[in-house]
Amino acid sequence: MTKNKTSGTWSGGNEPMNSEYGKMMMWFFLISDALTFSGFLTAYAFVRFRFDIQWPVAEDVFTHFPGLEGDQPLLYVAFMTFVLIMSSVTMVLAVNAGHQLKKNVTAWWMVATIIGGVIFVSSQAWEWYHFIIGDKGGIELSSREVMKVANGDGDVLSLSQVVQGMEKGHSANHELMFSDEEVLKSIRANNNLVLQSPGKEHISFTREATIKALDGAHVIQGANMHHNEYGKQQFANFFFFITGFHGFHVFSGVVLNVMVFYNVMLGTYDRRKTYGMVEKVGLYWHFVDLVWVFVFTFFYLV
Amino acid sequence: MSDHESPQGTAWIWKIFWLLLAITTVEVVLGIIKPEILLTSLAGTSILNLIFIGLTLVKAAYIVQYFMHLKYEVNSLKYAIYLPVLILIPYLTFILIFEGQAIFEF
């Protein structure tokens, strides 16, 4: 506790923990938020542990990179991580300049941080879009288990390749929709094709088991809260929930950053002779980066 | 420089940026190539996953200590922030790891 030299402890003007009130409250809010996110991630881990065999592997799901053809596992999330770390750095630079009461320098670094945040949120929208429209498609068995179609070598094929053949088909379905009949007919007709579980073991059915399993099966393309072509339904639900909750944090952070930037430009903090608000919003912004570090590890890497 | 005084200049910020970037690059490269030797199982998971979790905690520590400035705050504030998080989250994880097996009994 810092003592106010001119009067007693209870005469006001003291700052417990040598911290401004708003900054301390921001920290306490972040503690509660950290516990919320840890609850989400442990719940994710628990459900994944329970359905390990059917749990999709992130590298097989998030394989697209804008402008690049073919499978690029992890590259896009790596880019998103880089953007967020970079915007964290520009935020520290803004806070640093704010301490020295440099209005213009603070403003420029705030702009850089806002741009970083916007790029991140847009990237997430792009990733959601691709997740929702789907990639290679899946077959839902009557047991509600979702399987991939693979060839004899264990390589997963897209429904487009299954129906239109390896030469004419695309490695992803893109906008093409396939009916249950044409896909099931194509699998039955081609002796090379088997069903494969989406989990990390990539266990393939035998040809007989495949034919047997196709009774009552139907095609799944794309993912939402009810169907998920990538594998276990809960994977999609957790994906939407955790990255959505984090993305909303980033979005709120961008809004707060814009408000603080606006006040920097108005000279509000110059008149107050303190850029404490930049520091508070900075704490929130770093926290958003911190959460992403964990989401990146537990959703995409592990 | 005393313990509660933040460093001057901006060189330290870039130093930490390069460090975080290097750790992320290592994680991504390991995630893409997945070296066979690191997939050996250990403590219920693989060595690779333990490396990922370790590197994540290092990254988190640098963000909290330097970017969020916690290293330079007074001890009472530091402990008010560290203790709830460092007790409750490991506790939750501990419960899950040791009791989670029960899900297979249903």
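A residue counts as buried if 20 or more other C-beta atoms lie within 10 Å of its own, as exposed if 12 or fewer do, and as partly exposed in between, with C-beta atoms placed from the backbone. By that rule, buried residues make up 41% of the 302 residues in chain A.

This is a predicted model, in which local features need pLDDT of at least 70, side-chain atom pairs count only at pLDDT 80 or more, and totals for chains, interfaces and linings use all residues. Residues are numbered from 1 along each chain as its sequence is written, while chains are lettered from A and ligands numbered from 1 in the order in which they are written.

**Overall form**

Chain A has 10 helices and 5 strands. These are DSSP runs numbered from the N terminus (helices: H or I, at least four residues; strands: E, at least two). The C-alpha trace of chain A spans about 90 × 35 × 25 Å along its principal axes.

Axes are lines fitted to C-alpha atoms, for helices over the stretch in contact, and angles run from 0 to 180 degrees between N-to-C directions.

| Helix pair in chain A | Angle | Axis distance |
|---|---|---|
| Helix 1 and helix 8 | about 165 degrees | 11 Å |
| Helix 1 and helix 10 | about 10 degrees | 10 Å |

Angles under 35 degrees count as roughly parallel, over 145 as roughly antiparallel, 65 to 115 as roughly perpendicular and the rest as oblique. Helix 1 and helix 10 of chain A are therefore roughly parallel. Their contact includes W27(A) and F37(A) from helix 1 and Y284(A) and F294(A) from helix 10. Contact means C-beta atoms, placed from the backbone, within 7 Å. By class, this contact has 13 nonpolar, 2 polar and 4 charged residues. Ala, Val, Leu, Ile, Met, Phe, Trp, Tyr, Cys and Pro count as nonpolar, Asp, Glu, Lys and Arg as charged, and the others, Gly among them, as polar.

Helix 1 and helix 8 of chain A are roughly antiparallel. Here F40(A), Y44(A) and V47(A) of helix 1 meet Q234(A), F238(A), I242(A) and F245(A) of helix 8. That contact has 6 nonpolar, 1 polar and no charged residues.

**The side facing chain B**

In all, 33 residues of chain A touch 35 residues of chain B. Helix 1 of chain A gives the most to this side of chain A, with 10 residues. The side divides into 22 nonpolar, 9 polar and 2 charged residues.

Technical notes: Contact = placed C-beta atoms within 7 Å.
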